[in-house]
Amino acid sequence: MTIRVALNHQTRYSFDRSVSVGPHEVRLRPAAHCRTPILSYSLKVEPAVHFFNWQQDPFGNWVARLVFPEKARALAITVDLVADMTVINPFDFFIDEFAEMYPFVYPEGLKRELSPYLEAESAKPLFADWLKRAKGELLAKPLRTIDMLVGINQRVQGDVGYIVRLEAGVQTPEETLKLKRGSCRDSAWLLVQALRHLGLAARFASGYLIQLKADVAALDGPSGTDHDFTDLHAWTEVFIPGAGWIGLDPTSGLLAGEGHIPLACTAMPSSAAPVIGATEVCKTDFNFAMKVTRIHEDPRVTRPYSESQWKAILELGHQVDAEMEKNDVRLTMGGEPTFVSIDDMDGPEWNVTALSDKKTELAGELLDRLQGHFAPGALLHYGQGKWYPGEPLPR
């Protein structure tokens with residue numbers, strides 16, 4: 001099943017006068033490890049740019065480096081992309097044997113490579129107590145690593161209420177736990193720090209979240225959004241040997257899926273800002289808009305062909321029937337009987353090997369008899385038969 005969507009994102013800064021616009025860095029291009037297929041992408045910037053260069057930051061994220069030659073009254077950044085929302089199984093990975101159970105220890109070489117993602121801030125009282133309780137409830141006995149990740153992710157989701165917070169920056173884990181609420185970036189940073197204190201490499205992920213309305217209402221729980229929407233979002237990624245980086249969304253308590261499109265993944269939230277730059281001091285009006293549009297949908301069980309689609313299919317079928325009747329092409333439906341030798345029914349050629357000289361001889365004799373009885377003078381055809389599970393060759 002594929003639902004193809006077009007995403008449009010515009011950020012606009014309007015100034016009260018013409019001002020000098022300093023160099024800007026824009027992190028609004030899907031990251032290299034994005035699992036959702038991105039079919040097309042464009043980045044448009046106004047005013048005209050003197051220098052535009054794609055670079056990669058120390059974490060491998062795409063960064064557009066922009067230099068503006070003249071003063072401007074506004075700065076507008078527009079992203080358009082097309083994505084295939086093919087369903088992704090977030091549990092589709094293997095974990096190295098030594099890391100299947102938690103706790104485990106990273107090999108020394110890998111630990112050095114992951115060092116920026118293992119640096120944990122000192123835990124203040126509330127956070128330290130939260131970690132202690134989490135360890136006591138989740139880790140009282142050895143636990144599968146994936147179960148541990150699911151548990152800690154859901155624990156953050158259950159303990160932190162979600163709010164839309166317009167203030168700049170990210171709350172510390174202590175602040176988030178004290179308030180018992182936070183934005184997506186606050187919950188993501190809390191989970192990053194919790195995982196690091198538990199000995200796991202974790203990073204902060206910033207990107208787009210696309211959520212589509214379900215075709216049918218859920219019978220056993222919430223059905224999700226009642227309309228298609230997209231927005232900037234933040235979540236957490238943890239590195240597990242064998243599986244690589246696994247996305248955890250503590251806002252929903254679920255693993256990241258096809259709707260999570262990462263733009264920047266960094267060791268610190270400040271390095272993942274979508275737009276970084278400066279202008280002369282001035283009064284600024286900020287406008288931000290995003291929308292997602294379905295541009296293609298494959299028929300599926302929960303959303304079959306529409307009446308107009310069925311009409312077009314039937315009309316095409318009638319057209320094909322007319323052409324075949326005109327050219328005297330006649331179709332019949334037949335079966336494919338399966339036979340076993342009564343003399344050696346346990347022989348390998350009747351069970352696993354599919355072919356043998358004796359089977360060919362008996363099949364030829366049977367075919368000659370059937371031709372003589374049902375269709376004298378008919379053309380005999382020998383071809384490849386079905387390929388059954390467990391058999392190395394087709395019949």
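**Rings, charges and who meets whom**

A: Phe-104 is buried, and Tyr-106 is buried as well; "buried" is under 20% relative accessible area, "exposed" over 50%, and "partly exposed" in between (1.4 Å probe, protein chains only). Keep in mind that this is a predicted model, where local features need pLDDT of at least 70 and side-chain atom pairs 80 or more, while totals for chains, interfaces and linings use all residues. Residues are numbered from 1 along each chain as its sequence is written, and side-chain values use heavy atoms, leaving out hydrogens and water.

Let's start with the rings. The structure has eleven aromatic pairs (ring centres of Phe, Tyr or Trp, the latter by its six-membered ring, within 6.5 Å; planes under 30 degrees apart are stacked, over 60 edge-to-face, the rest tilted). Take Phe-59 and Tyr-117: their ring centres are 6.1 Å apart and their planes meet at 55°, so this pair is tilted. Phe-59 sits in the loop between strand S4 (51–56) and strand S5 (62–67), while Tyr-117 sits in the loop between helix H1 (108–113) and helix H2 (125–138), so the pair ties together parts that lie 58 residues apart in sequence. How covered up are the two partners? Phe-59 is partly exposed, with a relative accessible area of 26%, whereas Tyr-117 is buried, at 8%. Now back to where we began: the rings of Phe-104 and Tyr-106 have centres 5.4 Å apart and planes at 85°, so these two count as edge-to-face. There's also a group of four to find: Tyr-41, Phe-52, Trp-54 and Trp-62 make up one aromatic cluster.

On to the charges. Searching the whole structure turns up 19 salt bridges (a side-chain nitrogen of Lys or Arg within 4 Å of a carboxyl oxygen of Asp or Glu). One of them joins Glu-46 to Lys-44, with the closest N and O atoms 3.6 Å apart. Glu-46 has a relative accessibility of 37%, which makes it partly exposed.

Arg-165 and Asp-186 also meet in a salt bridge, at 2.8 Å from N to O. Arg-165 belongs to the loop between S9 and helix H4 (173–179), and Asp-186 to helix H5 (residues 184–197), so their contact ties together parts 21 residues apart in sequence. Both Arg-165 and Asp-186 are buried.

Next comes Glu-237, whose salt bridge with Arg-203 brings the closest N and O atoms to 2.7 Å. Glu-237 is part of strand S12 (residues 229–240) and Arg-203 is part of strand S11, so this pair ties together parts 34 residues apart in sequence. Again, both Glu-237 and Arg-203 are buried.

Strand S11 (residues 202–211) runs antiparallel to S15, and six bridges join the two (strands pair if DSSP finds at least two bridges). Across that pairing, Phe-204 stands opposite Thr-266 in S15. Seven of the seven residues of strand S15 (residues 260–266) are buried, so S15 is largely enclosed by the rest of the structure. Helices (H or I, at least four residues) and strands (E, at least two) are DSSP runs, numbered from the N terminus.
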